[in-house]
Each structure stands twice: as structure tokens, then as C-alpha cells.
Amino acid sequence: MIYSHEVEQMCPVAQGVNHGAAPIPEEGKWVKSTQISDISGLTHGIGWCAPQQGGCKLTLNVKEGIIQEALVETIGCSGMTHSAAMASEILPGRTLLEALNTDLVCDAINTAMRELFLQIVYGRTQSAFSEGGLPIGAGLEDLGKGLRSQVGTMYGTLKKGPRYLEMAEGYVTGVALDEDDQIIGYQFVNFGRMMDFIKKGDDANTALEKSKGQYGRVDDAKKIIDPRAE
């Protein structure tokens, strides 16, 4: 350790007050974290790239400082999906500090890692007050049945109005309108369920029909439009 001449000439003064680290909530207990191995919890981070053309939601399940589970969800950029593929290989098995200082290929994923790190080291995790934390695999519960990200894709113009393209329930196939041409519901296909039916032996048309659903007052609609038609 190198000290400047000015510091070397100072008179020593005792540091009397030292209460240590403030405790943070972790998996149902209070922890005074002083090193990376003291950190546990499941939480999320949201990131974006410099041109802000895409975003990432990153979910990590950390046990004793080691990332045990990673869910990487991206939207808005085709290259980002390939970056997510690499990040899903990179993250498990690394400590939080390693992950923070590792190139996760995409700016949005790196930013999500930074935001997640801030939450987890300050005790702001989703599992902060869950005794024993959440099991490995809890990240998949965010996806639900069919293991697909919950995505909302909407488009609208002043001249032609809104178009619902995709909801959490699935790919929107029809938008229901009332007598004033206002939206009162929509029809959809759940692709996750459709693929599950096909894997179980249903032909594509049968699987498609079994995966259809609707939301809102579709039965009261004066007309139903295809949101992707001209």
C-alpha cells in the first residue's frame, strides 16, 4: 500500500464508530452482507441499448452469490435474441460480481445486469421476504404454460386507429368492434398451447382450433376485423 507524504505525516486518530454493514432482507432473513457469497435472491432487471431500439428483461436466481438460474427475454431487435442465447450460457455458474463485469454481448442485457445488481445488493429482491427463497426453476413461472414471454404488441395511426397484434394470451387474430367502431374485445391464438397440442399428436388445424380463445365482448361485436389486413 502506498501513502502520500501528506498522509504519512498525519497524526493517527482511532475510528471509534463502526457498526458494520446494515442488514438487508434476503430470503426471509436479515443478512449483513460483506462479500458476494452473502447474497441470495431472485429478482429482475430491465435494460436498454444505446440507440434504444431494443430492451431486455433479465431474471436471475442467486444462491450464496452464485447465479443458479437465468431467464433472458428481449424485444425489438433481432440481433438481441442471439445475444440472449449467448448470455443464457454465460450467466449460470458465475458470481454476481463476475456477471456484472462480463460482456453479456448486448448493451441491453449488460444494462439489465447492472440494474438487477443494484436491486439485489440493496435487498430489493422479489424473494426478500420468502423464507428459504424461491426454488431453481421459479424463473420459468414468469412465462406460464407454453413457456413463452408475455408480449404486448400494439400499433396505431391517427387515420386508421389502433391495431392489437399480440397480447399476453397470444397472437391476436381478430379485433371486435361495436357499432361505433370502438374495440370491445379480441380473438387470439395461444402459440405455446398450439405447439403443445402438436407435440402430443394433433394435426396443425386441430391444434389451431383448440388453441383459440377470446377476450372481452366479442359475442356482441358488430364486426370483427383482421388487425393485419390492409
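Predicted model: local features only at pLDDT ≥ 70, side-chain atom pairs only at ≥ 80, totals over all residues.

User: Why is the pair of Tyr 164 and Tyr 186 called edge-to-face?

Analyst: Start with the count, which comes to five aromatic pairs. In this pair, the ring centres of Tyr 164 and Tyr 186 are 6.1 Å apart, and the planes stand at 75°. Pairing needs centres within 6.5 Å, and edge-to-face needs planes over 60 degrees apart. Both conditions hold, so the pair of Tyr 164 and Tyr 186 is edge-to-face. The pair links distant parts of the chain, with Tyr 164 in strand S7 and Tyr 186 in strand S9, 22 residues apart.

User: What makes Tyr 164 partly exposed or buried, and what about Tyr 186?

Analyst: Buried means under 20% relative accessible area. Tyr 164 has 23%, so Tyr 164 counts as partly exposed. Tyr 186 has 6%, so Tyr 186 counts as buried. Both belong to one aromatic cluster, together with Phe 188 and Tyr 215.

User: Why is the pair of Tyr 171 and Phe 191 called tilted?

Analyst: The ring centres of Tyr 171 and Phe 191 are 5.2 Å apart, with planes at 35°. Stacked needs an angle under 30 degrees, and edge-to-face needs one over 60. Tyr 171 is partly exposed at 27%. Phe 191 is partly exposed at 30%.

User: How do you know that Arg 228 lies over the face of Tyr 171?

Analyst: The distance from Arg 228 to the ring centre of Tyr 171 is 3.7 Å. The cut-off is 6 Å, with a second condition of 35 degrees from the ring normal. The distance passes, and Arg 228 is listed over the face of Tyr 171. In another case, the charged end of Lys 210 sits over the ring of Phe 197, at 4.3 Å from its centre.

User: Which residues have the most contacts inside the largest nonpolar core?

Analyst: They are Leu 58, Leu 60, Val 72, Leu 91, Ile 109 and Met 113, in a core of 25 residues. Strands S4 and S5 and helices H2, H3 and H4 each give two or more residues to this core. The largest share, seven residues, comes from H4.

User: Why is Ala 108 called buried?

Analyst: Ala 108 lies in helix H4. Its relative accessible area is 0%, under the 20% cut-off, so Ala 108 is buried.

User: What makes Glu 64 exposed?

Analyst: Glu 64 is in the loop between S4 and S5. Its relative accessibility is 59%, over the 50% cut-off, so Glu 64 counts as exposed. Phi of Glu 64 is near 50°, a positive value in a residue other than glycine.

User: Why does Val 105 count as partly exposed?

Analyst: Val 105 lies in the loop between H3 and H4. Its relative accessible area is 36%, between the cut-offs of 20% and 50%, so Val 105 is partly exposed. Phi of Val 105 is positive too, near 80°.

User: Which strands supply at least two residues each to the lining of the largest pocket?

Analyst: Strands S4 and S5 do. The pocket has a volume of about 220 Å³. Its lining includes Gly 55, Lys 57, Glu 73 and Asp 142. The lining divides into three nonpolar, four polar and three charged residues.

Technical notes:
Residues numbered from 1 in each chain as written. Heavy atoms only, no water. 1 Å grid on protein atoms, 1.4 Å probe; cavity = no way out; pocket = protein on both sides within 12 Å on 5 of 7 lines; lining within 4 Å. Points joined across faces, edges and corners; volume = space filled by probe spheres on them. Helix = DSSP H or I, 4+ residues; strand = E, 2+ residues; numbered from the N terminus. Nonpolar A, V, L, I, M, F, W, Y, C, P; charged D, E, K, R; others polar. Phe/Tyr/Trp six-rings, centres within 6.5 Å; stacked < 30°, edge-to-face > 60°. Buried < 20%, exposed > 50% of the residue type's maximum accessible area, 1.4 Å probe, protein only. Core = buried A, V, L, I, M, F, W, Y, C linked by side-chain atoms within 4.5 Å.
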